[in-house]
Amino acid sequence: MDIDNSELDSLRIGDVYYPTKLTKAFKNRIAYKTPDLSDQLAFIPGTISDIRVKKGDKVKEGDILMHLEAMKMKNRVLAPFDGIVGAIKVKEGDIVPKSFLMVTVKKK
Amino acid sequence: MSLLSKTRELRKRMGEAAKGGGDVAIKKQVSMGKMTARDRIIELLDDKSFYEYDLFVKHAAKDFDMEKKELAGDGVIIGTGTINGHPICIYAQDFTVAGGSLGYMHARKITKIMDHAMKLKVPIIGINDSGGARIQEGVNSLAGYGEIFYRNTLASGVIPQISVILGPCAGGAVYSPALTDYVFVVDKISKMFITGPEVIKSVLGEEISMEALGGARVHAETTGNAHFFSNSEKECFTSIKELFTYIPWNNTKRADAFPPKPPKTRTYKINSIFPSDPITPYDVRDIVKSISDDSKFFEIQELWAANIVIGFARLNGETIGIVANQPLVLAGVLDVDSSDKAARFIRYCDAFNIPLLTVVDLPGYLPGVDQEHAGVIRHGAKLLYAYSEATVPKITLITRKAYGGGYIAMCSSHLKADFVFAWPTAEIAVMGPTGAANIIFRKEIAQADDPDAMREQKVEEYKQAYANPYVAAAYGYIDSVIELKETRKFILHALDISKSKSTVLPEKKHGIPPF
C-alpha cells in the first residue's frame, strides 16, 4: 500500500506539479511541431515515382515535384510555395515510411 | 437393428464428432499451450453441467471440392450449462477443425445458441479461436458474421455477453467481441487485429510481429479492446467465474447478494492511506478497499487508462460499480481514454441495475495538442452523457480535488447524483487555487512592489476562502460533509434508501451519445 517514490514522475496540471506515475501512452505521445512546409514529408508510407525536379530547379507553388504511390493511388507531391528545390532525399522506386523527408524547397 | 446396435451407432458417431480435427490437430493445439475447445468449456462450466447441441451439423460448402470434406461439428461447439449454479449459453470455436474457420453452418450454430440465450434471458459466452472467414464459402461466411453482429447488438444491455479470445481472432471476426460486454485475453495466446502483419507490410511497408500488433498485452494495455488479461487459460476461466459473482443474469434481475462482510480495517486504515494535502499521490483502490466488503475490489481494465479505476465491489453483500480517479497515475486526470473507459462502464452498470459509487479526486483534464486533436471534447462528453442518462442509484464521494469541468463530469449533483458526500479535505472549486488567484488578482499582483509575495498571499487567501467543501455545501451541491471513518456508514445508508429509486427519462427511441 505504501507508494514507491522512485516510480513517481511529475506532471504539471494548471500551476501545480503533481508527483504521479506516467502511463506508457503518455510517455509515447508525439510532441506537436508546427509543420515546416520547406520539408516535404511522406504523409503516408509508399513508393516514390516520377521525380520531376532536380536540385537547384526553380519551382512555382503547386508544381509537381514527384509522386508518392500508396494504397493504389498516385499522390502528387507539390511545391508548397515559389522557391528553389534544395535536397532531394529519395530516388524513384524507394519505399519510404510515414514522415520520411522526401524533398526540401527553399523559399525565394 | 436392435436398440443396442442403434445406441452403439450413436455412440460411435458421437465419439468421432467429439474428436474434432483428429489426434494430430489436437496434438498441435496442445503443443501451442492451448486447451481444446471442448476442454475449455468443461473447465469453465460447473462440473458435469455441459449439454451439447448440433454435434452432427455438417458444413454447407459446395465449391472447391469442399463437399468431399468432413468437418466435425463444422468447427464450433455449442451448448448450455451452468456457472456458479446459474444457467448460461456457450459456444467455442474449434481451431483443430479447418482452423476454426467460420462458414455458413458454423455461423448458424453460433446464432442458434445466441437466440437461445436471448429467449432464455441468460448470459452468452463465446470462446473465439478461429482463422477467420472460410474463404471457400465466400459471401456465406460474411453473412454469418453479419448475423452474429446483429444479434450481439440486440442482446447488448439485455443479457451479459462475454468474449474469450483463446487464439487468433482476425479480420471481421474481431467485431463480435468488440460488441460484447467483456473481452478476456490470455498472454501469448490471444491475437486480435483487423489487418494482419503481412497485409500491413505489403501495403505500408511497416514491419511488426503478430504479438506486437495485436497480442493480449497490446489489447489490455494500449487499445483498451480487452477488459481482463490473464497469464493462462485456467487463470482466465477463474476470473470469468469471479466476474459472474458480481453481475446479474439479465437486465431484469439484480446480481446475487452475498453474506455481508466488514472491510479489513486493520490492513486498510482509511486515515493512514489518505494524504490530506492535495498533491501527494495515493492508490485510490486502497480507499475503495477500506470501505468495501472484505476489502475486495474486482478491477476491470486494470492496465489501460489507469488514471481512472473501474470495477465491482460489494457493500453489505450487494454489488456496486465503482468509478474512481486514480491520483497515483497521471495525477488522476481525465483524458480521451479514461473518459471512454468510465463512460462505457457507467452504461453497463445502468443497463444491469448496478448502483454506482463515484470517488472523485482530480485536478482536471490532461492538457496537450495530442489530446485535443484526439477529440477529448467528444470523448469527454461521453462521461457527461453516461452519468446524466444513468438512472441507477448514483452516489458520489469527493475526497480531495474536484476542480472545474472535472468536478461536473464526475457525477456531480448537477448530473443528478442522488447523494454527494465530501470529506473535510475536499476542494470544490472552479480551478486550482494558484490558477484562480492568478486570474482574479492579476492587477493586484502586477502592481505590487513584490509581485511574488503578493501572489503567494493571494493564493493563500483564496485557499482559505474557497479550497474547501463548504462553499459548494452552502449551495447544497454537497449533501453532507462527513468524517472519513463515517464513509461506509453513509454510503450503506444511501444505498439502502435508494432501493426503490425510480427515475423517468423523457420518452425517446434512443439518444445520440457522442460515440
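About 2,100 Å² is buried between chain A and chain B, and carbon and sulfur atoms give 72% of that area. Buried area here is the accessible area (1.4 Å probe) that two parts lose on being put together, summed over both. Met1(A), Ile13(A) and Tyr18(A) supply 27% of what chain A buries against chain B, more than any other three residues. The contact takes 22 residues from chain A and 31 residues from chain B, where contact means heavy atoms within 4.5 Å.

This is a predicted model, in which local features need pLDDT of at least 70, side-chain atom pairs count only at pLDDT 80 or more, and totals for chains, interfaces and linings use all residues. Residues are numbered from 1 along each chain as its sequence is written, chains are lettered from A and ligands numbered from 1 in the order in which they are written, and side-chain values use heavy atoms, with hydrogens and water left out.

**Across the interface**

The rule finds 9 residue pairs in polar contact between chain A and chain B, both residues at pLDDT 80 or more. A polar contact is a pair of N or O atoms within 3.5 Å; within protein, one must be able to donate a hydrogen and the other to accept it, and residues adjacent in sequence count only if both atoms are side-chain atoms. Strand E1 (9-13), strand E2 (16-20) and helix H1 (24-27) of chain A each supply at least two residues of the side that touches chain B. E2(A) gives the most, with 5 residues. That side of chain A divides into 15 nonpolar, 2 polar and 5 charged residues. Ala, Val, Leu, Ile, Met, Phe, Trp, Tyr, Cys and Pro count as nonpolar, Asp, Glu, Lys and Arg as charged, and the others, Gly among them, as polar. Helices (H or I, at least four residues) and strands (E, at least two) are DSSP runs, numbered from the N terminus.

**Salt bridges**

The structure holds 42 salt bridges over all chains. Each is a side-chain nitrogen of Lys or Arg within 4 Å of a carboxyl oxygen of Asp or Glu. Between chain A and chain B the count is 1. Some of the pairs follow.

| Pair | N to O distance |
|---|---|
| Lys24(A) and Glu221(B) | 2.6 Å |
| Asp50(A) and Arg52(A) | 3.0 Å |
| Glu52(B) and Arg38(B) | 2.8 Å |
| Arg488(B) and Asp293(B) | 3.0 Å |

Arg488(B) lies in helix H21 (residues 487-497) and Asp293(B) in the loop between H12 and strand E9 (298-300) of chain B, so this pair ties together parts 195 residues apart in sequence. Arg488(B) is buried at 16% relative accessible area, and Asp293(B) is buried at 6%. Buried means under 20%, exposed over 50%, and partly exposed in between (1.4 Å probe, protein chains only). Lys34(B), Arg40(B), Asp129(B) and Glu233(B) are linked in a salt-bridge network.

**Aromatic pairs**

The count comes to 18 aromatic pairs over all chains. Rings of Phe, Tyr and Trp (its six-membered ring) pair if their centres lie within 6.5 Å; planes under 30 degrees apart count as stacked, over 60 as edge-to-face and the rest as tilted. Phe274(B) and Trp423(B) have ring centres 4.8 Å apart and planes at 80°, so they are edge-to-face. These two residues are 149 residues apart. Both are buried. Tyr475(B) and Tyr477(B) are stacked, because their centres are 5.6 Å apart and their planes at 20°. Tyr475(B) is exposed at 61%, while Tyr477(B) is partly exposed at 34%.
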